[in-house]
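Let's walk through a protein model together, one question at a time. Have a look at it first.

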Amino acid sequence: MFLAGMIITLVLYVIIGFLVSRKVKSADDYFVAGRNAPTMLITGSLVASFIGVGLFMGDVGESYSGFFAPIIVAVGVLSVGYIVGSIFFGRYLRRSEANTIPEFFGKRFDSRALKMLATITGTFIMIVYSLSCVQGIGSLMEMVTGLDYRICITIAVTVFTVITISSGAKGVLITDTIMYALFSIAAIVGAFFIASEAGGWFSTVSDMANYEAVEGILSGSGNLNYFYPTGTENMIWAVGYGIAWMAVLMVAPWQSSRYLMAKNEHTVIRSGIIASASVFLIEFLMCMAGVFVNKINPGMETASNALVWASMNSMPAFLGIVVLSGVLASAISSATTFLSLVSSNITKDIMQVKDTKKQVSYSRIIAIVVSVIVLLLCIWNPPQIFWITYLGATIVACSWLPVSIASVWSKRVTKVGAFASMLSGFLVSAVMKIVTVANNIVLPIYFDPFFIGITVSILALIIGSAFTKVTDKEKEERAKLFKKPEGENDPTEIKKTKIFVFATIPLGIVITVVMLVMWVIPYLNGLS
Amino acid sequence: MHEILIAVGIGLWFVVCGIISYIFVSKTYKNVSDKEEEKE
């Protein structure tokens with residue numbers, strides 16, 4: 001039954017992709033969705049490109065293992081990335097009218113070298129992410145269907161490649177939004193159902209306060225036998241991890257590129273705020289679900305399979321299929337975004353194809369080539385979902401964050417500083433992360449690749465800019481970012497946008513109340 | 001107690017970012033709002 005459910009889900013996604021492909025009339029539709037996407041589609045694509053197996057398998061597995069509090073702290077820090085990113089970076093990015101993020105950097109700093117570096121680093125990071133997506137889909141499908149892992153990932157890669165090459169950015173926005181709706185419903189219904197199976201939400205949280213199978217599973221310090229031995233180290237890790245991921249939500253190519261497709265700046269800001277609330281809600285519910293699964297079935301060998309196990313064994317078949325289809329949707333939607341961006345970046349920024357018809361055909365061929373490479377790498381590389389995903393976040397934060405923020409907000413940053421910052425941040429974080437993960441080394445928290453990489457990147461930005469002068473062209477390009485387009489001055493739209501931004505203040509209060517009622521108070525009651 | 005700090009801290013983080021963002025966005029669109037008020 002689960003096999004049939006997954007096949008039907010995959011076929012439906014392909015059909016949707018083909019239907020949307022009919023609406024793709026021009027290269028602009030294919031690459032930037034005609035720059036006319038409304039708030040709903042931008043929100044859907046932002047969240048769907050971010051949420052994937054890293055959450056439904058990685059974070060749920062970490063919570064199952066007793067790392068709930070550090071993960072939720074990180075989620076609290078990172079969710080705000082959409083709000084800050086859309087307001088302080090995204091809308092300026094949209095004003096640049098670039099087709100890709102590397103093109104934005106190239107124009108802003110009048111530097112082809114920086115554009116190439118941004119393309120190479122961005123492509124590397126997105127291929128790393130695609131690997132984690134495909135591996136996650138493979139593990140999920142293997143567990144659910146019983147088919148061989150290699151067959152599963154071949155089917156998955158074929159499906160998301162077909163969706164991407166048939167419908168382009170416009171199709172990716174629409175399929176992402178449908179998938180966002182599906183996995184949001186799956187997360188909400190699934191979490192409450194798992195809670196009721198465990199014995200009810202509040203009584204289970206109280207019971208877990210004295211849970212012996214995993215000590216401190218819901219405590220504020222986390223399980224001290226799991227990762228770092230003290231609560232302080234776990235919290236420092238959580239804040240560092242949160243900032244790294246916040247950087248992803250603010251500037252990562254698969255996130256900020258969504259703003260290039262937005263109808264206007266108001267759409268950028270509003271979608272950022274809705275995405276922020278959605279990510280926090282889904283993460284909170286899913287991490288709690290991971291804890292509840294431990295009560296139903298403690299001692300699972302592979303913690304990242306917690307949600308999949310619960311969907312197959314403690315839910316009615318129909319609900320289980322909906323939840324698993326939601327997890328599959330989250331992974332496929334991320335993969336379609338990565339593939340669409342990697343192929344357009346290579347076509348436009350590396351090959352520099354000018355003819356618009358050729359751009360679309362070349363982009364499709366590159367998408368197929370990249371998919372084959374990702375497939376071969378996944379067959380060769382064993383599944384390691386959580387840490388591969390973390391590798392990408394660290395590299396994005398270290399290589400792209402300082403340059404992206406400085407590109408808008410610094411008058412003194414130069415192309416040399418920007419290039420040095422991006423290159424050094426990328427190299428230091430990538431090398432350190434790969435060496436530590438490959439050799440299973442746990443560095444003291446203060447020497448985590450993220451902290452070292454971001455420090456080196458900021459220093460390189462400052463030193464590189466101090467010894468060079470800002471050119472007239474760079475000044476001119478920065479000034480253009482601060483010219484508000486006339487079309488943005490509609491008073492009704494401004495009023496609406498201000499209401500959205502203001503709503504983030506009560507949102508913070510609601511988040512505190514929800515966490516107190518659904519976690520802290522029943523947990524403390526259980527302790528006493 | 002750590003749990004209370006986490007719940008309050010995350011909410012405060014949203015509130016602070018929300019206030020800064022609201023001030024910034026209001027400032028960005030200030031000229032337009034002023035013109036509208038003048039018209040009225």
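**A cavity, an interface and a salt bridge**

Q: How do the residues lining the second largest cavity divide into nonpolar, polar and charged?
A: First, the classes: Ala, Val, Leu, Ile, Met, Phe, Trp, Tyr, Cys and Pro count as nonpolar, Asp, Glu, Lys and Arg as charged, and the others, Gly among them, as polar. A cavity is a set of points on a 1 Å grid over the protein atoms alone where a 1.4 Å probe fits but cannot get out, and lining residues have an atom within 4 Å of a point. The lining includes A:Phe31, A:Asn99 and A:Ser344. The count comes to five nonpolar, six polar and no charged.

Before going on, some ground rules: this is a predicted model, where local features need pLDDT of at least 70, side-chain atom pairs count only at pLDDT 80 or more, and totals for chains, interfaces and linings use all residues. Residues are numbered from 1 along each chain as its sequence is written, chains are lettered from A and ligands numbered from 1 in the order in which they are written, and side-chain values use heavy atoms, with hydrogens and water left out.

Q: Which element gives the most to the lining of the second largest cavity?
A: Helices here are DSSP runs (H or I, at least four residues), numbered from the N terminus. The top giver, with four residues, is α15(A).

Q: How much area do chain B and chain A bury between them?
A: Buried area is the accessible area (1.4 Å probe) that two parts lose on being put together, summed over both. Of this area, 79% is on carbon and sulfur atoms. On the chain B side, B:Glu3, B:Phe14 and B:Tyr29 lose the most, together 26% of what that side buries. The total is about 2,900 Å².

Q: How many salt bridges are there between chain B and chain A?
A: A salt bridge needs a side-chain nitrogen of Lys or Arg within 4 Å of a carboxyl oxygen of Asp or Glu. Between chain B and chain A, though, the count is zero.

Q: Which residue forms a salt bridge with A:Asp110?
A: A:Asp110 sits in the loop between α7 (101-108) and α8 (112-145) of chain A, and its partner is 305 residues apart from it, in helix α18 (residues 415-438). The closest N and O atoms are 3.9 Å apart, and the partner is A:Lys415.

Definitions and conventions:
1 Å grid on protein atoms, 1.4 Å probe; cavity = no way out; pocket = protein on both sides within 12 Å on 5 of 7 lines; lining within 4 Å. Helix = DSSP H or I, 4+ residues; strand = E, 2+ residues; numbered from the N terminus.
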